[in-house]
Amino acid sequence: MSDCLFCKIIAGEIPSTKVFENDKILAFKDINPQAPVHILIIPKEHYESVNALDEDSAPIVAEIMLVAKRLADEFHLSNGYRIITNIGDDGCQSVKHLHFHLLGGTKLSERMA
Ligand code: 5GP
Ligand code: ZN
């Protein structure tokens, strides 16, 4: 989508610190990290959120989980980490391109909301 921030990052129109890339998935450092390790993992295809997935597209989430696991290993998160995806206004989703936050490198809050 031409007016989507993350599509522009995928296209290289906006710079990012990439930490993983293949034909379907890109991962890069969050510009405003909430933890010592804060990586965003996104599909290269534009989906607004989990709500836009269907049976055909949902397998990308499994692939993203495996990228998250690989990155957690690379970034030495052997003590644990968290994966979050925000959906819609109540979920405080600010960028309307499906993305998963990989957070770690410290003891994270027990609070979920
Ligand atoms: P959301 O609130 O939609 O779940 O998460 C969006 C995330 O994108 C936020 O954590 C925010 O810091 C990050 N973000 C927003 N703009 C940029 C940007 O231009 N570059 C990078 N690397 N991250 C961004
Ligand atoms: Zn997009």
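**View 1. Helix α1 and strand β2 at ligand 1.** In this predicted model, α1 (5–11) and β2 each supply at least two residues of the shell around ligand 1; helices (H or I, at least four residues) and strands (E, at least two) are DSSP runs, numbered from the N terminus. With three residues, α1 gives the most to that shell. Altogether 16 residues surround ligand 1, and the closest are K29, D30, N86, S94 and H101; a residue counts as near if one of its heavy atoms lies within 4 Å. Sorted by kind, the shell holds eight nonpolar, six polar and two charged residues (Ala, Val, Leu, Ile, Met, Phe, Trp, Tyr, Cys and Pro count as nonpolar, Asp, Glu, Lys and Arg as charged, and the others, Gly among them, as polar).

**View 2. Polar contacts of ligand 1.** Look here for pairs of N or O atoms within 3.5 Å. The side chain of N86 places an N or O atom 2.8 Å from an oxygen atom of ligand 1, and a polar side-chain atom of H99 lies 2.9 Å from an oxygen atom of the ligand. I31 takes part through its backbone, with an N or O atom 3.3 Å from a nitrogen atom of ligand 1. Taken alone, ligand 1 exposes 520 Å², of which the protein buries 83% (Shrake-Rupley method, 1.4 Å probe).

View 3. Strand β2 (residues 25–29) is largely enclosed by the rest of the structure, because four of its five residues are buried, meaning under 20% relative accessible area (1.4 Å probe, protein chains only). Strands pair if DSSP finds at least two bridges between them. β2 pairs with β1 (residues 18–21) in the antiparallel sense over three bridges, and a hairpin of three residues joins β1 to β2. Here K18 stands opposite F28. Five bridges join β2 to β3 (residues 37–43), also antiparallel, with K29 opposite I39.

**View 4. The aromatic pair F6 and F28.** The structure holds one aromatic pair, meaning rings of Phe, Tyr or Trp (its six-membered ring) with centres within 6.5 Å. F6 lies in helix α1 and F28 in strand β2, so the pair ties together parts 22 residues apart in sequence.

**Notes.** Residues are numbered from 1 along each chain as its sequence is written, while chains are lettered from A and ligands numbered from 1 in the order written. Local features need pLDDT of at least 70 and side-chain atom pairs pLDDT 80 or more, whereas totals for chains, interfaces and linings use all residues; side-chain values use heavy atoms, leaving out hydrogens and water.

Methods
Buried < 20%, exposed > 50% of the residue type's maximum accessible area, 1.4 Å probe, protein only. Polar contact = N/O pair within 3.5 Å; in protein donor to acceptor, adjacent residues only side chain to side chain. Phe/Tyr/Trp six-rings, centres within 6.5 Å; stacked < 30°, edge-to-face > 60°.
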